[in-house]
Amino acid sequence: MQSFYTPAASTHTISSRAPAAVDELISKYSSTMSTATSFGNHTLPKTRRNVLQRATDRVRLEYYRYEVTFGLYVMTPGEKLVANTFVLVVLALLFWASLVYFPALLYHKLSRLVWLLTGQSSEEVGAAFGILDTHGGSIPRFADSTVP
């Protein structure tokens, strides 16, 4: 019995070069190969693409990777629409929540850091540096909010 990876004992020698068709496929579909790589006797032409074409190709490649990674390529167009809509809504809500709640959370955590480093409240440190005179009234605080 012969393994696929070990050659049979025969009189012909094994070539270290891949066939020309394999070289062509590798150069055409490999993302790690450069555009002007020489194989054997011929050289692939180096094409100049503008920024818009490269950006479009990159977006298509990333969408293809997304489809293959999460299994959308086996869905019908209607199922893809529902799945993509769900993903876009979740991402939009995460972005909106980060814009609304992150600044207040950041201010709260920074004031806690100031208290940990100095032992003083952030109002006292801010008043000492004159920071709260200009920004103190516009930033909501978590500690002041009470639930009725």
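**Exercise 1.** Does Tyr63 count as buried, partly exposed or exposed, and what is the relative accessibility of Tyr63?

*Solution.* The model is predicted, and the relative accessibility of Tyr63 in it is 35%. Buried requires a value under 20% and exposed a value over 50%, so Tyr63 counts as partly exposed.

**Exercise 2.** Find the aromatic pairs around Tyr63 and classify the geometry of the pair that Tyr63 makes with Tyr66.

*Solution.* Begin with the search of the whole structure, which finds 3 aromatic pairs. In one of them, the ring centres of Tyr63 and Tyr66 are 5.8 Å apart and the ring planes stand at 45 degrees, so this pair is tilted. As to position in the chain, both tyrosines belong to helix H2, which spans residues 51–70, and they are separated by 3 residues, or about one turn of the helix. Ring pairs also bring in Phe70, which forms a cluster with Tyr63 and Tyr66.

**Exercise 3.** Classify the pair formed by Trp96 and Tyr101, and state whether these residues are buried or exposed.

*Solution.* The centres of the two rings lie 6.5 Å apart, and because the planes of Trp96 and Tyr101 meet at 80 degrees, the pair is edge-to-face. In terms of accessibility, Trp96 and Tyr101 are both exposed.

**Exercise 4.** Describe the order of elements and the burial of the protein as a whole.

*Solution.* The protein has 5 helices and 2 strands, and from the N terminus their order reads α-β-β-α-α-α-α. Of its 148 residues, 9% are buried, while the accessible surface amounts to about 13,100 Å², with 65% of that area belonging to carbon and sulfur atoms.

Notes. Residues are numbered from 1 along each chain as its sequence is written. This is a predicted model: local features need pLDDT of at least 70, side-chain atom pairs count only at pLDDT 80 or more; totals for chains, interfaces and linings use all residues. Side-chain values use heavy atoms; hydrogens and water are left out. Helices (H or I, at least four residues) and strands (E, at least two) are DSSP runs, numbered from the N terminus. Buried means under 20% relative accessible area, exposed over 50%, partly exposed in between (1.4 Å probe, protein chains only). Accessible areas come from the Shrake-Rupley method with a 1.4 Å probe; for residues, only the protein chains shown count as cover. Rings of Phe, Tyr and Trp (its six-membered ring) pair if their centres lie within 6.5 Å; planes under 30 degrees apart count as stacked, over 60 as edge-to-face and the rest as tilted.
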